[in-house]
Amino acid sequence: MPNITKQALIQEIAKSTGFVRNDIKTVVEQFLDLVGEKLIEGNTIEIRGFGTFACKPRKARPARNPRTGETVQIEERMVPTFKFSNDIKDKINALEGVIGEAVEEPEEVAIESEI
């Protein structure tokens with residue numbers, strides 16, 4: 001499956017709504033900017049039926065530089081996270097059955113050799 005870009009999303013919204021692409025682009029970019037700003041402020045953004053954006057603390061820990069093998073300490077920091085709603089998870093999991101049925105595993109065939 002190919003990745004969907006922001007521009008592709010804007011184009012799909014324009015097709016389905018009939019609104020002008022530039023207006024949709026402005027709204028999408030403003031939405032994303034606002035989500036980023038609110039996360040920086042320490043807020044959690046909950047979009048019912050879709051998911052929750054939040055920042056969670058990650059503890060300090062030792063790590064290893066792969067080039068030198070030197071141990072370095074990574075400081076405590078905040079990490080942005082996204083958790084999908086149960087509605088979205090259920091829809092995705094319902095698709096797994098459909099995808100799993102479409103792919104058939106090949107049957108094993110015994111090959112007898114004559115010696």
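## Notebook: salt bridges, strands and a surface patch

I began with Glu29, which is partly exposed at a relative accessible area of 28%. The model I am reading is predicted.

**Entry: Glu29 and its partner.** I looked for what Glu29 pairs with. Lys6 forms a salt bridge with Glu29, and the closest N and O atoms are 3.5 Å apart. This pair links distant parts of the chain, with Lys6 in helix α1 and Glu29 in helix α2 (residues 21-40), 23 residues apart. Lys6 is partly exposed, because its relative accessible area of 35% falls between the 20% and 50% limits.

**Entry: the other salt bridges.** How many salt bridges does a search of the whole structure find? It finds three. Side chains of opposite charge can pair when their charged atoms come close. I went through the remaining pairs in turn.

- Glu41 meets Lys38 through their side chains, at 3.4 Å from N to O. Glu41 counts as exposed at 52% relative accessibility. Lys38 is partly exposed, with a relative accessible area of 29%.
- Glu46 forms a salt bridge with Arg48, and here the closest N and O atoms are 3.2 Å apart. Arg48 is exposed, with a relative accessible area of 73%.

**Entry: overall layout.** I stepped back to the whole chain. The protein chain has three helices and five strands. From the N terminus on, I read the elements as α-α-β-β-β-β-β-α. I then asked about burial. Buried residues make up 12% of the 115 residues in the protein chain.

Entry: I tested the length of α1. Its twelve residues should span 16 Å at 1.5 Å a residue, and the end C-alpha atoms are 16 Å apart, so the two agree. Just after α1, I noted Gly18 with a positive phi of about 85°.

Is Ile4 buried or exposed? Ile4 counts as exposed, at 52% relative accessibility. I then found Ile4 in a nonpolar surface patch with Leu9 and Ile13. Together the three residues have about 260 Å² of accessible area.

**Entry: Thr26 in α2.** I picked Thr26 next, which has its place in helix α2. Thr26 counts as partly exposed, at 46% relative accessibility. I took its distance to Ile10. Thr26 and Ile10 are 16 residues apart in sequence, and their C-alpha atoms are 9.6 Å apart in space.

**Entry: the open sheet.** What is the order of the strands in the open sheet? The three strands run β1-β2-β5, with antiparallel pairing. β1 (45-47) and β5 (77-84) stand at the edges with a single partner strand each, so one side of each is left without a neighbour in the sheet. I get an average twist of 25° from one strand to the next.

I followed the pairings strand by strand. Three bridges join β1 to strand β2 (residues 51-58), and these strands run antiparallel. Ile45 stands opposite Phe53 in β2. Glu46 stands opposite Thr52 in β2. This is the Glu46 that forms a salt bridge with Arg48. In the hairpin of β1 and β2, three residues lie between the strands, and Gly49 takes a positive phi near 80°.

On to the other pairing of β2. How many bridges join β2 to β5? Eight bridges join the two strands, which run antiparallel. I marked Pro57 opposite Met78 in β5. For reading side chains here, I keep one rule in mind. In a regular strand the side chains alternate between the two faces of the sheet.

**Entry: β3 and β4.** I finished with the remaining strand pair. Strand β3 (residues 61-64) is joined by four bridges to strand β4 (residues 71-74), and the two run antiparallel. Which residue is the bridge partner of Arg61 in β4? The partner is Ile74. β3 and β4 form a hairpin with six residues between them. In that turn I noted Gly69, which has a positive phi of about 80°.

How values were computed:
Residues numbered from 1 in each chain as written. Predicted model: local features only at pLDDT ≥ 70, side-chain atom pairs only at ≥ 80, totals over all residues. Heavy atoms only, no water. Patch = residues over 30% accessible without salt bridge, like charges linked within 9 Å, V, L, I, M, F, W, Y side chains within 5 Å. Areas by Shrake-Rupley, 256 points an atom, 1.4 Å probe, with all protein chains shown as cover. Salt bridge = Lys/Arg side-chain N within 4 Å of Asp/Glu carboxyl O. Buried < 20%, exposed > 50% of the residue type's maximum accessible area, 1.4 Å probe, protein only. Expected span 1.5 Å × (residues − 1). Pairing = 2+ DSSP bridges. Axes fitted to C-alpha atoms, helices over the stretch in contact; angles between N-to-C directions.
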